[in-house]
Amino acid sequence: MTPEKKTVLDPPVKDRNIELFSMPGLSVNLQQYEGKALKLTASGTLKAACGPILKKMNSRLQEEKAALIQEDRVVPSAWLPPIPGPVFKRLIFAEIQIALGKYIPETVSIELTRQTSSRYPPGTAANELDTGTIKRIIDEALELGTLIITFTENDPLLKEDVFELIEYVDKNRAIVNCSTWGTDFSKETALKLKEAGLHSLMVGVYSTNPEKHDAARNSPGAYDRAISAIKLALEAGLLVVMTTHASPSNMQELPALYALASELGVHEFSVWESMPKNRDDPVITDRDRRIILEMYHRINSDPKGPRMFSNTYFEGQMMGAMAGRRWMHVTADGDVKPSPYPPFRFGNVKEVPLKEIWQRIRSYPYFQRQKNLSPMHDPEFMEFVDKIPEEAKLPYPFEEICEK
């Protein structure tokens with residue numbers, strides 16, 4: 001029997017005008033028509049600065065279904081803060097600064113551990129960031145304007161202090177997402193995540209065939225654990241996202257994966273393009289991207305079933321490439337990268353403040369230019385990757401192969 005998916009309450013049927021953001025020269029309001037339709041409007045001398053982003057947001061609010069609708073808020077996507085709310089105000093402010101040329105790391109993803117199994121040998125956690133350092137990173141990210149903190153890579157829930165770290169994030173300044181393989185996931189885990197204030201739980205499923213998923217995870221029983229985690233998280237009332245990667249080998253599985261997401265009752269089905277490690281690795285084609293975009297628009301225009309997120313659309317057409325522009329990633333060792341995928345480091349948080357590392361990333365011409373492809377799909381960026389010496393330890397210092 002399918003678990004209860006989510007509580008969707010119709011808002012009061014009346015028009016409302018809610019002030020979301022106000023500063024000298026700019027006011028941004030949320031207009032709600034007939035209790036459901038949403039539109040963002042701006043007024044003031046700085047109206048033109050935020051006009052483009054408001055236009056993009058309005059097109060999404062009016063053309064696409066939300067991940068979750070409740071009486072007092074709308075969650076457009078697990079990757080965006082609820083509307084209205086204090087974190088959404090920070091998003092508006094960040095986008096105004098970006099429009100004026102000051103890029104903000106709106107998303108900071110943090111690896112909490114290299115563990116993927118609770119049965120790791122002693123010493124596995126050596127050199128991993130301690131809880132105090134991670135809290136400092138969170139504080140520094142929030143000061144930079146970050147509004148999405150994501151605990152990701154491997155299985156963050158195997159970090160002993162993960163619940164403390166989720167709770168530590170000021171929920172008036174950022175939402176918190178967390179991924180999991182479903183390792184040792186229990187009803188108690190789900191309830192503790194809910195209590196800690198997690199925005200959304202993201203569970204990766206790479207095939208509807210359990211054997212294929214287990215092989216991708218290199219872990220027998222991984223599929224069953226992932227499905228169990230999804231069900232337990234939904235029962236606890238969490239916002240749940242089923243994630244997958246689009247690659248040449250599984251493009252044909254995307255419809256079946258969405259059907260599984262619908263059957264389970266998750267709030268969002270999230271599709272990320274798989275990333276090559278070097279130039280010769282197989283990658284999805286432009287034709288594959290067109291298939292993903294057709295699926296994205298078709299699913300999100302249908303009121304039934306979970307919403308679909310796709311970085312093919314989000315980075316390709318809506319916001320542009322995020323890495324080093326709106327996104328920064330911290331590894332379990334403290335190395336900082338533009339996103340999880342490029343094999344380059346720009347500093348280590350054990351030695352340099354996050355703000356200074358962000359300034360380093362932004363100082364390189366490549367990250368100052370608007371791009372519609374993630375770096376590892378961009379031929380220009382792959383020229384940097386080609387220059388990494390063989391047998392070099394990764395991530396490699398970017399300054400050693402690229403002059404400013």
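In which strand is Ser179 found? Ser179 is found in strand β8, residues 175–180. The model is predicted, so local features need pLDDT of at least 70 and side-chain atom pairs count only at pLDDT 80 or more, while totals for chains, interfaces and linings use all residues. Residues are numbered from 1 along each chain as its sequence is written, and side-chain values use heavy atoms, with hydrogens and water left out.

1. Surroundings of Ser179. With a relative accessibility of 16%, Ser179 counts as buried (buried means under 20% relative accessible area, exposed over 50%, partly exposed in between, with a 1.4 Å probe and protein chains only). Leaving aside residues up to four places away in sequence, Ser179 touches Phe151, Thr152, Glu153, Asp155, Pro156, Leu157 and Met202. Contact means heavy atoms within 4.5 Å.

2. Glu153. One of the residues touched by Ser179 is Glu153, which is found in the loop between β7 (148–152) and α4 (162–168). Phi of Glu153 is near 70°, a positive value in a residue other than glycine. Glu153 is partly exposed, at 30% relative accessible area.

3. Asn218. A positive phi is also found at Asn218, where the value is near 55°. Asn218 sits in the loop between α6 (210–217) and α7 (222–235). Its relative accessibility is 70%, so Asn218 counts as exposed. As background, most residues other than glycine have a negative phi, and most peptide bonds are trans.

4. Cis peptide bonds. Ile83 and Pro84 are joined by a cis peptide bond with omega of about -10°. Pro84 lies in the loop between β5 (74–75) and α2 (86–99). A cis peptide bond also joins Leu394 and Pro395, with omega of about 0°. Pro395 is in the loop between α13 and β16.

5. Overall fold. The protein has 13 helices and 16 strands (DSSP runs numbered from the N terminus: helices are H or I with at least four residues, strands E with at least two). The radius of gyration is 21 Å, close to the 22 Å that the globule rule gives for 404 residues, so the protein is as compact as a globular protein of that length. The radius is taken over C-alpha atoms, and the rule is 2.2 Å times the number of residues to the power 0.38. Along the principal axes, the C-alpha atoms fill a box of roughly 65 × 55 × 45 Å. Of the 404 residues, 58% count as buried. Among contacts between residues at least 6 apart in sequence, 66% join residues at least 24 apart.

6. Helix α10. How many of the 8 residues of helix α10 are buried? The helix, residues 311–318, is mostly covered, with 6 of its 8 residues buried. These are Asn311, Thr312, Tyr313, Phe314, Glu315 and Met318. They pack against α1 (47–63), β11 (268–273), α9 (286–300) and β12 (307–310).

7. Cavities. The structure holds 2 cavities of 30 Å³ or more. On a 1 Å grid over the protein atoms alone, a cavity is a set of points where a 1.4 Å probe fits but cannot get out, and lining residues have an atom within 4 Å of a point. Grid points are joined across faces, edges and corners, and a volume is the space filled by probe spheres set on the points. The second largest cavity has a volume of about 40 Å³. Its lining consists of Met275, Glu315, Ala323, Trp327, Ser339, Tyr341, Ser374 and Pro375.

8. Aromatic pairs. The structure holds 22 aromatic pairs (rings of Phe, Tyr and Trp, the last by its six-membered ring, with centres within 6.5 Å; planes under 30 degrees apart are stacked, over 60 edge-to-face, the rest tilted). The rings of Phe344 and Phe381 have centres 5.7 Å apart and planes at 85°, so this pair is edge-to-face. The pair links distant parts of the chain, with Phe344 in strand β15 (residues 344–345) and Phe381 in helix α13 (residues 379–386), 37 residues apart. Both Phe344 and Phe381 are buried.

Key. 1 Å grid on protein atoms, 1.4 Å probe; cavity = no way out; pocket = protein on both sides within 12 Å on 5 of 7 lines; lining within 4 Å.
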